[in-house]
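Here is a friendly note to read with the model open beside you. Take the points one at a time and look up each residue as you go.

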Amino acid sequence: MIDTAAPLRPRAGQAPQAAARRRRRVRPAGLLRWAAALAAVAGVLVSVGMMAHRVPVGSRAGHYRYHYVRTFGLDVLWPFLLTAIVVVLGLWLSHRWYERHRAVVVTGWLAVAVPLQLLMRRSDDVALPDLVTSTRANGFLEPARRYSVWEFLSGHVGIGAGLDSHARTNMAGKTVFYQVLTALTDSPTTMGVLTVAASTLSCLLVYLIAADLLDPRTALYALALSILVPGRLFFLPILNTVSPVPILLALWLLVRYLRRPHWGWAAAMGAVLYATMFFEPLPLALGLVFAALTAWARGTGRLSWAGAAALAGLAACGFLACYGLLRVLVGYDLAANFAYVLADARGFNDDGHRPYQVWVVRNLWDFAIAAGLPTVLLVAAAVADAARRGLWRAGAVLAVSAATVLVVLDLLGVNRGETVRLWIFLAVLWQLPAAWLCARTARLWPIAVVAAATALQAATGMAMIAFVRI
């Protein structure tokens, strides 16, 4: 594990006692208490607002809204209550067993993750198999059944032009994902469950990143929070919920390289970045986080200039090898596919009359709905702490770079509306700095109240608002 507790090397003549005092001063106990309490209250308030139909999601002026579909009833709360009990009890048991039985605890969390998510989405008025087969909400199953992988990729230019909107305006990887599912099963219900399981791999990857980059307690908390990301739960089993997986895998490979440079980690990262673009290119915006962590490792002496150069070169080789392999074997051109998708995205905002000025503000609120308002407030507190105490800690670098990605995406205006769905990959990443702040104390209550408030927001939004229509 990278030692993130150690500051930059002291200046010449700086006493070890001074460095020790500096380490003690960076423990934000007071900040954590206030941030956790405020985050929990905010999560409850936004949930109550959803119950009363007072929380807007989308924008009428921006020509895209998510509508409320029912009035509040006590039945809305039972998925939250069961989930909160399981999560809080799991955190309490983890505190007792985690140090001695780490693998068992992590396996236990992963074992309950899919059932918990399926439990939470039971309150959605659209059934899981109906979303899988819907051409309006999904659209990838029909071409996956019609074409083999070879036929689809080799004839993608001609085939893609005749497909329905989702399959036509997305990268080929999403249709290929469904081709893999159809090879495994004919049941839409099973396909939905397998998609939920694939999406849950992001929880494991969040844990691995935190375990290698930060500390074991942060890894545990990040695992718990990533299971409850509201935006991901709202859209299961839509494939945007799977989009965090390849980019988080690439980020974990980067962390492994920063921990112990080896050509295999770097080359594999490049190949996975190709897979990310093949599936959905928007998560590549997290390149800012990759660059920030690489600069942090270089600045703290954990990575040499030669190591940084090797990282960039080997990653480029891995990416280009995948590009060339598919181009030669099946004639699939990733760049051409991306250019078509990008042009469609630019025209979509104009055709839908979605003004930049409206969405540059409303995207931020919709992102808070996706990531969970408690998480957003915790990351804001982590950024404030980083501004006061510096970026010598990896957790601070993650917080600032993740916030920067949000600002950059928002100002670019590529997405105007549907942010709850399109920025799920970023919402999942934000659980890392939120967990890092909660892990600054050994006490259980901060992470427990934050997780419970996030679960309440997720359960309420799932039951009250129509995020996906068929």
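**Notes on the model**

1. Apart from neighbours within four places in sequence, Asp410 is in contact (heavy atoms within 4.5 Å) with Tyr356, Trp359, Val360, Asn363, Leu364 and Trp423. Asp410 itself sits in helix α21, residues 394-412.

2. A word on the source: this is a predicted model, where local features need pLDDT of at least 70, side-chain atom pairs count only at pLDDT 80 or more, and totals for chains, interfaces and linings use all residues. Residues are numbered from 1 along each chain as its sequence is written, and side-chain values use heavy atoms, leaving out hydrogens and water.

3. Of the contacts with a separation of 6 or more, 82% are between residues 24 or more positions apart.

4. For the overall dimensions, the C-alpha trace spans about 70 × 55 × 45 Å along its principal axes.

5. Finally, charge: the protein has 42 positive and 21 negative side chains, with the centres of the two sets 15 Å apart. Lys and Arg count as positive, Asp and Glu as negative, while His and the chain ends are not counted; each charge is placed at NZ of Lys, CZ of Arg, CG of Asp or CD of Glu.

Notes. Helix = DSSP H or I, 4+ residues; strand = E, 2+ residues; numbered from the N terminus.
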